[in-house]
Amino acid sequence: MRHQIQRIHARGGSVILKADEYYKRQSDKLRAAALSEQGRIFEEHVEGVLQAAEAGRDALDLSLENLDRDLGDRLGEAMREEGARITSRVYSRGMIEILGGKEWEFNSTDRLALHYLEDTEVCYWVGNHWGDKVSTAVKEAVAPAFTEGWTRLELIEKLKTTFADQIRRSDSYWSGLAANAVTRSRGFGITEAATQAGLTQGTIRAFLDDVTSDVCRYLNGKTILVSDMRQLRDSILSAQDPEAVKALAPWLSLEELKALVTPEGQIPVSHSLPPYHFHCRSFVVFQHAV
């Protein structure tokens, strides 16, 4: 049963001690779950793909379609339960950051947000993208085999190196997807808590180091309105499909973003909540938060 928690009592400052480490742990759990399930699927398919490649292009295409399907539907559904647990925890922790020791109940907005986070931030992006990336990469890698007359050993070696490369790439992909799902969950929780607390504005904070993006470095310290945060959240929750979210909260270059900032320095509604790019680490803080 999804989202069993209906009432939460926060325990004050001790609960959010080392909050950033907490969010990182949740992100790592989601990433690990995706890698584990993907590994099982690869193990089940790799021998079949090798045999199909030897049989010819049509057999390989059919085998890769099966792999694509399992890396889509099956992986997405496998991630649903773990994704629901993690996004619910992170959403709740985001509320605790603002409300501290106060008691609150999950309302209809909270439940809508949690279902969106599970279905879209986790299941959709898992189930509709990664499988296609893998199957396309394999097809492109072995395409010359059917025109250049590769030997069986050459074909097998190329397939093995391609699969190994996709596994390495997937670590970065799942890491970024998990980080963004956690960031979005935290932002939605903070938005609802700030609304309930009657707060009017917050501040964007970025992790400043040698890998900080230009956009996050620019946004660091910028003031955002809770009304804008709420507007963006509500627009995302009412979007007709996940692709529409890209238009509501686009990942812009620094130049594109600066062009939308008002002369008074107000950033656009589209950037009132992170993530601002893949694997974004920025977050929103409020002065009163414990």
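This is a predicted model: local features need pLDDT of at least 70, side-chain atom pairs count only at pLDDT 80 or more; totals for chains, interfaces and linings use all residues.

User: How many helices and strands does the protein chain have, and what makes something a helix or a strand here?

Analyst: The protein chain has ten helices and five strands. Both are DSSP runs numbered from the N terminus: a helix is H or I with at least four residues, a strand is E with at least two. Along its principal axes, the C-alpha trace spans about 70 × 45 × 35 Å.

User: How do you know what span to expect for helix 8?

Analyst: Take 1.5 Å times one less than the number of residues. Helix 8 has twelve residues, so it should span 16 Å, and its end C-alpha atoms are 16 Å apart, which agrees. Glycine 198 follows helix 6, and its phi is positive, near 75 degrees.

User: Why are the buried residues of helix 8 said to line one face?

Analyst: Buried means under 20% relative accessible area, exposed means over 50%, and partly exposed is in between (1.4 Å probe, protein chains only). In helix 8 the buried ones are Val226, Asp228, Met229, Leu232, Arg233, Ile236 and Leu237. Looking down the axis of helix 8, they fall within an arc of 170 degrees, so they line one face of the helix. That arc is taken from the directions from the helix axis to the C-beta atoms. For the protein chain, 49% of the 290 residues count as buried.

User: What makes a group of residues a nonpolar core, and which residues touch the most other members of the largest one?

Analyst: A core is a set of buried Ala, Val, Leu, Ile, Met, Phe, Trp, Tyr and Cys residues joined through side-chain atoms within 4.5 Å. The largest has 37 residues, and Tyr91, Phe188, Met229 and Phe286 touch the most other members. Among the helices that each supply at least two residues of this core are helix 2 (57-99), helix 3 (108-127) and helix 6. Another core, of 33 residues, lies apart from it and includes Leu30, Leu75, Val134 and Val142.

User: Is tyrosine 91 buried or exposed, and what does it contact?

Analyst: Tyrosine 91 has 0% relative accessibility, so it counts as buried. Contact means heavy atoms within 4.5 Å. Leaving aside neighbours within four places in sequence, the contacts of tyrosine 91 include Phe106, Leu117, Phe188 and Glu192.

User: Why is the pair of tyrosine 91 and phenylalanine 106 called edge-to-face?

Analyst: Rings of Phe, Tyr and Trp (its six-membered ring) pair if their centres lie within 6.5 Å; planes under 30 degrees apart count as stacked, over 60 as edge-to-face and the rest as tilted. Here the centres are 6.1 Å apart and the planes at 85 degrees, so the pair is edge-to-face. Tyrosine 91 sits in helix 2 and phenylalanine 106 in the loop between strand 2 (103-105) and helix 3, 15 residues apart. Phenylalanine 106 has a relative accessible area of 6%, so it is buried.

User: And why is the pair of tyrosine 173 and phenylalanine 278 tilted?

Analyst: The ring centres of tyrosine 173 and phenylalanine 278 are 6.1 Å apart and the planes are at 40 degrees, so this pair is tilted. Tyrosine 173 is in helix 6 and phenylalanine 278 is in the loop between helix 10 and strand 5 (283-285), so the pair ties together parts 105 residues apart in sequence. Tyrosine 173, at 14%, is buried, whereas phenylalanine 278, at 37% relative accessibility, counts as partly exposed. Tyr173, Trp174, Trp251 and Phe278 form one aromatic cluster.

User: How do you know that arginine 93 lies over the face of tyrosine 22?

Analyst: A charge sits over a ring if NZ of Lys or CZ of Arg is within 6 Å of the ring centre and within 35 degrees of the ring normal. Arginine 93 lies over the face of tyrosine 22 at 3.8 Å from the ring centre. Lysine 222 lies over the face of tyrosine 218, at 4.1 Å from the ring centre.

Note on methods. Residues are numbered from 1 along each chain as its sequence is written. Side-chain values use heavy atoms; hydrogens and water are left out.
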